[in-house]
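Please read it alongside the sequence and the coordinates.

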Amino acid sequence: MTRKSVYLFEEGRADMRMLLGGKGANLAEMTVIGLPVPPGFTITTEVCREYQQTKTLSPEVLAQIDEALAKLEQKMGKKFGDSTNPLLVSVRSGAPVSMPGMMDTILNLGLNDETVEALAKATGNERFAWDAYRRFIQMFSNVVLGIPLSNFESILEEHKHRHGFTQDIELQAEHFKQIVPEYKAVVEKFTGKPFPMDPREQLMAAIHAVFRSWDNPRAQVYRKVNKVPDTLGTAVNVQAMAFGNMGEDSATGVCFTRNPNTGEKEFYGEYLPNAQGEDVVAGIRTPYPIAHLKETMPAVYEQLYNMCELLESHYKDMQDIEFTVERGKLYMLQCRNGKRTPIASIKIAVDLVKEGKITKDEAILRVEPDKVVNILHPAIDPKAKLDILATGLAASPGAASGIAVFDPDRAVALAGEGKKVIMVRPETSPDDIHGMVVSQGILTSRGGMTSHAAIVSRGMGKPCVVGCEAIKIDLEARLFTVNGRTIKEGDVISIDGATGNVMAGEVPVVDPELSPEFRTLLEWADEIKTLGVRANADTPKDAALAREFGATGIGLCRTEHMFGQGGYHPERMAVAREMILAETKEERLAALEKLRVMQREDFYEIFKAMNPYPVTIRLLDPPLHEFLPDEEDLAIEVALLREKGASGEELKAKEELLRKVRALSEMNPMLGFRGCRLGMIYPEIYEMQVRAIFEAAAQCNKEGMNVEPEVMHPLVGIVTEIAFLKDLTDRVAKEVMEEYGVTFKYMVGTMIEVPRAAVTADEIAEYAQFFSFGTNDLTQTTFGFSRDDAEGKFLRQYVDQKILPENPFVSIDRRGVGRVVEIACELGRKTRPDIKLGVCGEHGGDPASIEFFHNVGLTYVSCSPYRVPVARLAAAQAAAKARGAKAGAGTV
Ligand code: PEP
Ligand code: MG
């Protein structure tokens, strides 16, 4: 039996969108429920997939098209190419996922020198028929034959000019009769062949063109940006024409069952009397609001309104509907779930639940978490004109403008004068924090989505663009150049952390607004989700913020951020340096003692802010050189001092510092002396931190709080590391409890950040009571990709060339890194069935990764406070999906 490749509208259904495309499936559904849809048929996406290989239509498919065409002719009582009663059709694309405007459409197909006369006679409107004919030649020639539109537009303009007209509407039948041969001459000139007069030949060429358009460059780019698989293919819909341009009793328009911008329940849309669909889109004439139709065609309005209501109830979602009125008769040409702003998507989903149309599970699945993150931050006014200089990685959402400033101290000084600044650096380090704190946003030319700049900005909720390699920064001259333009310190620039765009000048922004519907949706998300959502927070302020966003714990407190937050406490950085530069153990212990007091205060405040939720504190992790000045800068300073003949003392101190920096320098610092290796070699550092944690916990418990700290050791890869560190932690816990005269529970755990830890997780779990996956490092170490360099150097090309489907630092690589996570979970559970499992890498805030973590059965995810609402929503989606919920009929 031959495969069915062509479906009449009455043979399809809404749930056949993979085969018939969204448009075809919905035309079928409307036909079946009895709405007035001009008859037609759909050629399936399977044919498109085949076409991409063979570039031809098989005889079986051609036969089915002919058969469907014959039925269409019969139904309409019209014939293709008939000289008295000709059939005219539209040919449109329609993929399973809506790709508005990306592929091709041809209207009025079937017109030729004979049928145009017949159409004129049948409608009694010569002008209409000849206008339709010249439009068809123009559209067909452009879309199917690839002739630029300007060739036709210039002819039209020339005729208008000749007669002193300014508007197309002034042209009459006799003018179009002169224009048509000129159009046909253009075609002959370009193709060497006359314009095809045979409607069947026209139809076949149009079907080929629509299938070809699946692979046109703009469709390819759209699919890439919107993550639409190339393999879906488009269907082709062939439908009898309905004419909205047959006079003042005809019209064409688009309407929505709810406001797509705000989500308000109101009948919304616009229409044009005496016009064809393309006129509404082209914007040549200003359409009327839909309410106006009530006055001009009350009966049609009433019918349209009722059908829209019916469609919304049928699909249980806001509908976007195209309609045409031909001589007072209403036709539905398309319906689909309407595109909407993130704010509207939330309101509509919540309202539909309240109206009893959908379930809470369905509502949760209707809102895209990735888009929600943007509504928590200021966004660029969509109406703004942008002067885009370059595009980097969209590292932390939000839009900001300010003057470009190239070093943190200048940023602090200029911000102190009340200026808004954007800090621009090749990359950032803890040394830059004070500048980041006072900046509106951060821009770096290097680094990736898990770089220091990205992580810290996300934590601060500041817009950030990283890895913008197109900008060439000259720190000394305090400027950057990009595509021949120069931006100097003081010039205003803007960044958009949602798109990665860097712009010249100031851009208008709109402030975020947390609607009551959003709060309701998040409450439902909490009812549905099973995965815990914690936050990565390093300060009492962040902890409070995390709680406000709905975090139920801290999954990662990076203690080094407390040392390094020079902007808040420059004295801490100085003490941290004292500790690192100490020559003797005594000196180091003295510095550590000072740090212990500082850290204890922080921990106390964090515990208090989060009480009664759990807090995981990670011990010192980065390579120590990160706390020291840059080697190159220091070498220059020393050289200058020598040249100036500076005093012995000053020079000696700097030389000493340089010697130490050089001693600590490593070829591969991210694989070097960092993480728990610091605690193994300098146990006194970890001992100090553990003591500070337990002292703070003891104090809280004495005050009646119930604090059970979770002490986390980073970068463990060998069981003997965690055995030693567990012992150290337990010993200090015992000492502190005795000193304070209180007992409390606590946990000792490890991060899983290197593959060796994952594959020996059964041994490690003998000592670790919990695992937290540090997927930033785990991605780095599993792939062997530097998290600081890969994105700027080759990863983008890897994704562009589809060597990798996605940036693995953003969305977990399920096959590789994900598998490593699964192995660690399996082995960990084998030793310790109740082991607590979490993730605190940046993937903890990525919706696709969250679904994976839910399926693996983790206890919680942890992400930056600003991403907590997104994670709550994504966690609920994962739970709803796992129990079989779908977004709803007609939704992909
Ligand atoms: C990680 O590696 O995923 C992690 C959370 O630690 P950091 O980013 O601080 O290295
Ligand atoms: Mg790490």
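Which kind of contact do the side chains of Asp621 and Arg618 make? They meet in a salt bridge, with an N to O distance of 3.7 Å. The model is a predicted one. Asp621 counts as buried at 6% relative accessibility, and Arg618 counts as buried at 3%.

**Salt bridges**

Side chains of opposite charge can pair when their charged atoms come close. In this structure there are 72 salt bridges. Three of them are listed here.

| Asp621 | Arg618 | 3.7 Å |

**Magnesium site**

Which residues supply the protein donors of the magnesium ion (ligand 2)? They are Glu753, through OE, and Asp777, through OD, lying 2.0 Å from the ion. Glu753 is in the loop between strand 28 (747–752) and helix 29 (755–759), and Asp777 is in helix 31 (residues 775–783), so the pair ties together parts that are 24 residues apart in sequence. Both Glu753 and Asp777 are buried.

**Cysteines**

How many disulfides does a search of the whole structure find? The count is 0. For Cys308, the closest cysteine sulfur is in Cys255, and the separation of 3.7 Å is too far for a bond, because a disulfide needs the two sulfur atoms within 2.5 Å. Cys308 is buried, with a relative accessible area of 1%. The sulfur of Cys676 is 14 Å from the closest cysteine sulfur, in Cys840, which is again too far for a bond. Cys676 counts as buried, at 0% relative accessibility.

**Aromatic pairs**

A pair of aromatic rings is described by the distance of the centres and the angle of the planes. There are 22 aromatic pairs in the structure. One of them joins Phe785 and Phe794 edge-to-face, at 5.1 Å centre to centre and with 80 degrees between the planes. Phe785 is buried, with a relative accessible area of 12%, whereas Phe794 counts as partly exposed at 29%. Phe785 also forms an edge-to-face pair with Tyr798, at 6.4 Å centre to centre and 85 degrees between the planes. This pair links distant parts of the chain, with Phe785 in the loop between helix 31 and helix 32 and Tyr798 in helix 32, 13 residues apart. Tyr798 is partly exposed, at 30% relative accessibility. Phe783, Phe785, Phe794 and Tyr798 form one aromatic cluster.

Strand 18 pairs with strand 19 (residues 479–482) in the antiparallel sense over 3 bridges. The bridge partner of Ile473 in strand 19 is Phe480. Strands 18 and 19 form a hairpin with 4 residues between them, and Arg478 in the turn has a positive phi of about 55 degrees.

Strand 19 also runs antiparallel to strand 20 (residues 485–488), and 4 bridges join the two. In strand 20, Thr486 is the bridge partner of Thr481. The hairpin of strands 19 and 20 has 2 residues between them, and Asn483 in the turn has a positive phi of about 45 degrees.

**Asn611**

Asn611 is found in the loop between helix 23 (585–610) and strand 26 (615–618). At 23% relative accessibility, Asn611 is partly exposed. Leaving aside neighbours within four places in sequence, Asn611 is in contact with Arg547, Met705, Asn706 and Val707. The C-alpha atoms of Asn611 and Cys700 are separated by 9.3 Å, and these two residues are 89 residues apart along the chain.

How values were computed: Residues are numbered from 1 along each chain as its sequence is written. Chains are lettered from A and ligands numbered from 1 in the order in which they are written. This is a predicted model: local features need pLDDT of at least 70, side-chain atom pairs count only at pLDDT 80 or more; totals for chains, interfaces and linings use all residues. Side-chain values use heavy atoms; hydrogens and water are left out. Buried means under 20% relative accessible area, exposed over 50%, partly exposed in between (1.4 Å probe, protein chains only). Donors are N, O and S atoms within 2.8 Å of the metal (3.2 Å for Na, K and Ca); water is not among the atoms, so sites may look incomplete. A salt bridge is a side-chain nitrogen of Lys or Arg within 4 Å of a carboxyl oxygen of Asp or Glu. Contact means heavy atoms within 4.5 Å. Two strands pair if DSSP finds at least two bridges between them. Rings of Phe, Tyr and Trp (its six-membered ring) pair if their centres lie within 6.5 Å; planes under 30 degrees apart count as stacked, over 60 as edge-to-face and the rest as tilted.
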